[in-house]
Amino acid sequence: MSKRESIETRHYAERDAFFAGLRRLSRRSFLKVAGLSAGVAAAKSLFPPHGFQLVDVADAADRPFTFAYISDTHLYPRRVNDRFVRAILKAVDDVNNLDPQPDFVLFGGDLAQLGQKEELELGAQILKAVKAPIHMMVGEHDWFLDMGDHWRQLFGPEQYSFDHKGVHFVTIMSVQEKDFWTARGMTPMERMKTVAGLDNGVQSRFEVGDAGREWLKNDLAKVDKATPLVVFSHSPLYKYYRPWNFWTEDADEVQAILQPFQNVTVIHGHTHQLLTNRIGNIHFHGMLSTAWPWPYAPEGLPKLTIQMNRADPFDQFDGCGDGTVDVIESGLVNALYNLWDRNPVTVKASYVSSGTQDRPPQTKLGSY
Amino acid sequence: MRRTISLALAGALALVLSAALLTRSRAADPVHPAAPSRNGNMMVTLCDGETSAEIPGVHEGERPTREQAADVARRLMDEWRRKNPGASWDDAVQVAQAVRPGETIPPERVPPPSPGVKPAPREGAAEGAHEAGETQQRGGGATAGGAGGLPAAPQGDVQSGHTYGAFSERDERIWAAETDKFVKQGHAIFHDATAVGSANAVSCDMCHPDASNTHPETYPKFQVQLGRVALLRDMINWCIQNPTRGRPLPDDDPKLKAIEAYILAQRKGTPLEYGKH
């Protein structure tokens, strides 16, 4: 199948193949059709395929497997800014063209720029074109206009967990902030714009908060400590650079909840850069943004991070991208950074664990 | 031929002179006509427009010697002081006239007392630097040691006696505040898509928090993508035109200057490395 065909063309081709296959079902074609049907089911809905699949592909010990991500799209309404719309469409094409398809796609938060209905709905509409099932995560840009009301209407609760092929996945809401707006008499939009500014010292620092940590403890109470754990959070669940909120204020408490598990990986958004860290047995990988890359902070960069080359400002897509995450036998992950217009960079679990083996390629153009 | 040229030159000269005269008359400088000397001596009038003195033995159109000029200046000032016994000088002059440690003041150099003006203690400047250093915030304006942080005053035996550089801590604070105000204007524009003329709601800070990755210290440099040597302002304008889809600002636009000021203020202390890639 040509990669140049539109999503719709491919959808209808698959649909036709599916129904044609049903008519002349042999043992060999049954397997083929079963795989395709999963794709058809996924393309129809944001939810994971269930009853209408021919076979149930979920097998508790069926590792390794792959999921993909799209993150930090920062959409304005289309009439205001089509630049960021073009970028998310490129990412949707990327994940839809993955062959084989990922088991699911994580959306890493900051779908909208200013949390407006029009922005969130534009994003929801675009993400419907993703063929694989999507798991949504909320970012501060989605949240602080109406404190998550519209986002929850569109995508459901902001904290949830699920099990997939023997791995326990948890999405936590790590971008709560202590009330800085009431005392200042801010309107919802003023609050939103304050949070939207990275170098804005007025806002509070991100946190999971008491309720969020309690929820996490309860969720993990029933999970065996040997079960691999993958946590999705929008902000990095550690302390990188406070002035830009590359930071979670109660990160230490959250890490304490995760430490008892043998294999823990945190996949986070917000930082718009290749970012690698390990604290104890917890591996951390940052996600790329589709909208713009962020410079590395002037201090606090984790030692394990090999910086991605700085971006060419003359190329809209440089330093941006999406990625895939391979969950390996151990339950840890190899993170592939699909940097647009550059060679991809893979940060393997073996590198994060050892700090020396399988070192990713060196930086050529570092930060100023 | 030569005649024509000199005529043309004379004409040009006349034009220049008349232009200069026009400029003068437009500026309307104060004129202090002094009564002519009875002896035909040169008359000099003080800038108060009232006090005059003549230079004995020097006629209008002649050039007084240095000593004669200093003498008439001293006499004019003495007369002014006599007329204005309560007037005081600026801090700057007090500092300039301050006595070096161990030196005795000749009685004629003792300045008149200045009510309400506290002489500027130089230790005060050092205290000020400490305060400014503690209260500085990233991104809001000047960084540590920026315009707000005054340099420590030199200790011990210090050269003195001239008015240039003889300014008070208060002067330095005013200048620092003015500079920081300019930087803050730049901070505001840098963080405001509308102010920068963005057509797609993108503002500078979205890619450059705290003006990071703007590296003003590397300009001028050959900007490979442009195929020519660029200055920081060229890149500011490039960003305004492209990522923010706005219109480039003229070189003398106050907004462009303020953005430059903000960016430079964020990189204080970074060594200049023009041409760096």
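Me: Which residue is the bridge partner of A:Ile279 in β11(A)?
Reply: A:Ile282. This is a predicted model, where local features need pLDDT of at least 70, side-chain atom pairs count only at pLDDT 80 or more, and totals for chains, interfaces and linings use all residues. Residues are numbered from 1 along each chain as its sequence is written, while chains are lettered from A and ligands numbered from 1 in the order in which they are written.

Me: In what sense do β10(A) and β11 pair?
Reply: Antiparallel, over four bridges. Strands pair if DSSP finds at least two bridges between them. Strands are DSSP runs of E, at least two residues; helices are runs of H or I, at least four; both are numbered from the N terminus.

Me: What is the strand order in the open sheet of chain A?
Reply: β4-β5-β6-β9-β11-β10, with mixed pairing. The edge strands are β4 (160-164) and β10 (276-279) of chain A.

Me: New topic. Is A:Asn334 buried or exposed?
Reply: Buried, because 20 other C-beta atoms lie within 10 Å. The cut-offs are 20 or more for buried, 12 or fewer for exposed, and partly exposed in between, with C-beta atoms placed from the backbone.

Me: Which residues is A:Asn334 in contact with, leaving aside neighbours within four places in sequence?
Reply: A:Asp326, A:Ile328, A:Thr346, A:Lys348 and A:Ala349. Contact means C-beta atoms, placed from the backbone, within 7 Å. The C-alpha atoms of A:Asn334 and A:Lys348 are separated by 4.2 Å.

Me: And how many helices and strands has chain B?
Reply: Seven helices and four strands. Of its 277 residues, 22% count as buried.

Technical notes
Two residues are in contact if their C-beta atoms, placed from the backbone, lie within 7 Å.
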